[in-house]
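Here's a quick walk through a two-chain model, one piece at a time. Have the viewer open as you read.

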There are 2 protein chains.
Amino acid sequence: MSSLNLKADDSHRIQVSQLDMPPRLLLGPGPSNFHPRVRQALSANEVGHLDPKFIEVMKETQELLRYVWQTSNPFTIPVSGTGSAAMEATLANCVEPGDVVLVGVNGYFGERLCDMAERYGAEVRRIQKPWGEVFTLNEIGYGLETHRPAILGLVHAETSTGALQPMDGIGKLCREFDTLLLLDTVTSLGGVPVFLDRWHVDMAYSGSQKCLSCPPGIAPLTLGPRALEKLSQRKTKPANWYLDMTLLGKYWGDERTYHHTAPINMNYALREALRIVAEEGLENRWDRHRTNAELLWEGLADLGIDCHVEREHRLASLTTALVPDGIDSKEVASHLLRNYNIDIAAGLGQLAGKVWRIGLMGYNSRPENVVLLLSAMKKALEALD
Amino acid sequence: MSSLNLKADDSHRIQVSQLDMPPRLLLGPGPSNFHPRVRQALSANEVGHLDPKFIEVMKETQELLRYVWQTSNPFTIPVSGTGSAAMEATLANCVEPGDVVLVGVNGYFGERLCDMAERYGAEVRRIQKPWGEVFTLNEIGYGLETHRPAILGLVHAETSTGALQPMDGIGKLCREFDTLLLLDTVTSLGGVPVFLDRWHVDMAYSGSQKCLSCPPGIAPLTLGPRALEKLSQRKTKPANWYLDMTLLGKYWGDERTYHHTAPINMNYALREALRIVAEEGLENRWDRHRTNAELLWEGLADLGIDCHVEREHRLASLTTALVPDGIDSKEVASHLLRNYNIDIAAGLGQLAGKVWRIGLMGYNSRPENVVLLLSAMKKALEALD
């Protein structure tokens, strides 16, 4: 049969059926469902990663990212990985061994920042708050004064707790201490107000699969002038080739030097997702997220379910709803998935068993989804009572 | 307008048109066009990364990867990035500072292995050959004896040169020297014979966008028992969180612990691409690639164009065609793109200006594409004469 006279072993040659995925409504902490127009863009004609038409797509995507993030940083790109890759890119590039990195830890993703920073040789210091609380400006000032860090890492919207960190005054304080401000905007970008430049944020990252309503697999990253300055003064190469922004900057910059093959079709999807944000307008989008979140909070209250985070610091895109006594949170989530194709998540870490995490993100932030979820939860609680 | 009383700056709020990408025929070194069934799978219903239905997709994808790679390694997964991320994952996990890593450098990707290994603290040694040649078993044996490396890195199919490294005897030799064998199969997997287990390969990686005919953005990785043993004996955490296979193993293993959000729809695409390979059968697929490559080589000869690599070591999936004297390789490539929507690439590094790189990969390895390309090249050469 083969002219090469080489016979393959068929023991792993399984026959699998045509893909048939259920129509899930993704109301957990992400991924959220993507917009129908994004689905269409995802399967547009593929081209090469140095094709002139692709370079247009790249430029448009960068500019739209600047709008959504409210920044003028020239270095604003999508990273070829998920949000965690963009998160790691900030640290891999801007931490040099021995740098003090101060992290505000009030949830799972603060912990992850610590883990990542350590891997790049940082001396990690922490300020901590219980999961679900936020830091005051005083607490941050005290932390900066005590630790004099090269970088302060904060999570704007903690996906594990549903708390929104107020940003007033933090960036200015960081400049006084000559500290770079690194901000996780994974669950805030495109859902709640983010003003990177007004807040003096030096580095930020996000995910595509939260409030931007795009599939996971591509992740926004931005580095401001002070971060680029630190990067340019590195004594050693970053201990990460794939995420080396000096190399990648040559592909995204005017040189267009090949680094790695960009995920072409994921770029199409992100461009379309951002285009939809620009059409709606950020203010309208923030309003919509807030309005639907309030609808959810009221409905939960009617079911006798409280929210974990106090109202003032509650995130519109992700709600942590307290599980009533005697209820198994995972059983309810699994009932919703099995019976109604609705995906919500249980708590993580300190909040395991204590909360459900309910996301109303991007395209999914619609009143009909709130009404459906509340009715389904009511039925689930009755059925499992 | 906004209840939040926050006004966004509209200076980056550009209006961009609906995405309208040209119908390129991708006959360069990758990405190649993807199969129509892969395009369909790419836009299937999205689900959560811990959804029971997604876990089925994960298992099927892993098993199909084992078939295509001809390995029984339990640790065989797609990495959430492009081929370069999977490449880096092998080194990030298996190199500890001070390890001697020997790399066979006969092209661009051998150089890249050196760069990456250095970033993880390896003491890098090289054996070198001109771009387009391959290593003999003797040369490799001499390298192992001289350098006694912990890891030997080789590129099976050098995308920059079109040479195919013969693998007979190398794996056995590596075992004698207690060396782990790392193999780049980016441009060979699914196009030319690859037998990881028979060859005693300990670590390998690939890309999705070459002979598998899937979009870029997800990348196969496999670690054999000896590589996992080395990983388990690390004294330090890998200096890379995103690609930490000990953490990722808990998501892909029975624990299903969240690490990062997998690129759901890219996984669908890869599963379909692999399913197509399993339907066709590896032997048929290898034959098809070989037959169409020979058709190309004959046609090029008819045009008076020679191949850079001697026939014995020529790669079926990627041909480096020598640019005739007096011809500007980039001008021809750009003529083909502009006039016929055909994408081929110019040479890289040592071969810049000297060759065109022509890929006939996966779905694109079809006689009609060969005939079209040859006619278009003839016309381009006439037009630019």
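## Ground rules

Helices (H or I, at least four residues) and strands (E, at least two) are DSSP runs, numbered from the N terminus. This is a predicted model, where local features need pLDDT of at least 70, side-chain atom pairs count only at pLDDT 80 or more, and totals for chains, interfaces and linings use all residues. Residues are numbered from 1 along each chain as its sequence is written, while chains are lettered from A and ligands numbered from 1 in the order in which they are written.

## Helix α2 of chain B

Just past the end of α2(B), Gln70(B) has a positive phi of about 55 degrees. The helix itself covers residues 52-69, and at 1.5 Å a residue its 18 residues should span 26 Å, which agrees with end C-alpha atoms 26 Å apart. (The expected span is 1.5 Å times one less than the number of residues.)

Which residues of α2(B) are buried? Among them are Val57(B), Leu64(B), Leu65(B), Tyr67(B) and Trp69(B); buried means 20 or more other C-beta atoms within 10 Å of a residue's own, against 12 or fewer for exposed and in between for partly exposed, with C-beta atoms placed from the backbone. Their cover includes β2 (75-79), β9 (203-205), β10 (219-223), α9 (264-280) and α10 (282-302) of chain B.

## How the two chains meet

Chain A and chain B put 80 residues each into the contact (two residues are in contact if their C-beta atoms, placed from the backbone, lie within 7 Å). On the chain A side, α9(A) gives the largest share, 8 residues. That side has 36 nonpolar, 22 polar and 22 charged residues. Here Ala, Val, Leu, Ile, Met, Phe, Trp, Tyr, Cys and Pro count as nonpolar, Asp, Glu, Lys and Arg as charged, and the others, Gly among them, as polar.

Chain B has an open sheet of 3 strands in the order β11-β14-β13, paired antiparallel; pairing takes at least two DSSP bridges between strands. At the edges sit β11 (318-322) and β13 (345-346) of chain B. Strand β11(B) pairs with β14(B) over 5 bridges, and Ala321(B) stands opposite Trp356(B).
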